[in-house]
Amino acid sequence: MIDSASLLAVVPELILTVGGLALMLVAAFGGDGSARLVNWLSVIVLAIAGVSLSCSLAHGPDAFDGLYRADAFSAFAKALIYGAAAAAILLAPRFFSVGGNPRPEYPVLILFAAIGMGMMVSAGDMLTLYVGLEMNSLASYVLASFMRQDVRSSEAGLKYFVLGSLASGILLYGISLLYGFTGSTAFDGISVALGDGVSKGELFGLVFVLAGLAFKISAVPFHMWTPDVYEGAPTPVTTFFASAPKVAAIGLTVRVAIEALGPAGLDWQQIVIFVALASILFGAVAAIGQTNIKRLMAYSSINNVGFALIGLAAGTPAGAAATMSYMAIYVIMIIGGFACILQLRDADGKPVEEIAKLAGLSQSRKGLAAALAIFMFSMAGIPPLFGFWAKFLVFDAAVASGLTALAAFGIAMSVIGAFYYLKIIKTMYFDEPVATYEAKGGPVENIILTACAVVIVLGYLLNPMLDQASAAAAASLF
């Protein structure tokens, strides 16, 4: 039943919907000349949606008869999603202005994707989950192929669409199996049915659902789309893919595992542990031989997903809180890293993606090289940077729940993963210069990467606030 209380719970989505439709009309009538206006208005809409999360929380946890959850967990995830989406919009204009005019459709597509991601992390039913996921996916397919004149972008969009459709089919089949054997699509109903024991049919449904979600978080063995799409898509789009949808997919996976599949914890825990181990190992090893920095960041993303899943594997409130804290810190690192990559331009203003061409960057762009080094050290988990705290939290949660071997494996793989991050730093600071770079970067890019770098360096001051917010988010699931 639709009532005023339920509508109050979905205020963020309503704001994004109205804002997205209005800005789509502005883009249609204003043409490419309205791109700058639409960009800033989109950021304002996201900010208003973020502020409205407090109204959503005031309603209470359930809306629309349990189809939608407006709790601390969804608010935490949406705050990260909206922030990452706004950053992806602000970083885009300078990139798209090279060789053409910025397009106003880009921020509008991100707004519509944000609506789907919000529904994903607030889902209380498998049908809400699927609708939100597809809404995000449809916008993402268009974003991946946004530069139609670029063969790599078109190829990335096609690959993402084909493999994404396959993953959606797998997920939908798993949902149908769970519905057939539990008699419910609601997370609470599935949890009650699984509490009586997990049948073979329910187990198959569980496996297919987790397989579909593993594709969305680009976890091994469903990672095959990630390197090609990250490399081929426009760099601002890659920034978006690596941040906001990643948070939404991880948040959705945590909610489904805890709320819907909680009684089957021993069954899904084995799957999550395997996926975490495989993602950490493959992401670390496969990134070593990469020559393109965007492709390297794709394998880094796979590696980081594995670390985040260690917290989920614990299956405890502390583990869920550690996973969400990890994603918060990861978003800051990835946005800062891509803000640096977007400034890698040669003397003609063309983007530079080859790692070998970073040689001598520390001489021509000292500030940019220092910022990129900070993000690389943080992703490697080097103390005292904030990235170390992210890894510490998930390892601590794993050890506390008896998964000491999993934590030890993760620590060992961190050493391997550090190699390719340090390779970038070594290239910037110790190799002979091979290219001339732009004298300075864009002001918006500079502000974003500076803010992210400051947070990464001084992040420990934010620990009490982050720990409190993630703990409250995790507690709302249990």
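The largest pocket of this predicted model holds about 540 Å³ of space. To find it, select L80, A328, V331, I332 and V455, which are the closest to its centre among the 21 residues of the lining. Next, display the helices α5 (72-90), α16 (317-342), α21 (443-458) and α22 (463-475), each of which gives two or more residues to this lining. Colour α5 separately, as α5 gives the most, with 7 residues.

How many cavities of 30 Å³ or more does the structure hold? There are 4, and the largest cavity contains about 130 Å³ of space. Select N136, Y160, K216, W225 and P245, which lie nearest the centre of the largest cavity, out of 13 lining residues. Then show α8 (126-144) and α13 (235-260), each of which supplies at least two residues of that lining; the largest share, 4 residues, comes from α13. Coloured by class, the lining of the largest cavity shows 7 nonpolar, 4 polar and 2 charged residues.

The last stop is the second largest cavity, with a volume of about 50 Å³. Select F95, T235, I341, L342, L344, R345, P351, V352 and E353 to display its lining. Of these residues, 6 are nonpolar, 1 is polar and 2 are charged.

Terms used: Residues are numbered from 1 along each chain as its sequence is written. This is a predicted model: local features need pLDDT of at least 70, side-chain atom pairs count only at pLDDT 80 or more; totals for chains, interfaces and linings use all residues. Side-chain values use heavy atoms; hydrogens and water are left out. On a 1 Å grid over the protein atoms alone, a cavity is a set of points where a 1.4 Å probe fits but cannot get out, and a pocket is an open set with protein on both sides within 12 Å along at least five of seven lines; lining residues have an atom within 4 Å of a point. Grid points are joined across faces, edges and corners, and a volume is the space filled by probe spheres set on the points. Ala, Val, Leu, Ile, Met, Phe, Trp, Tyr, Cys and Pro count as nonpolar, Asp, Glu, Lys and Arg as charged, and the others, Gly among them, as polar.
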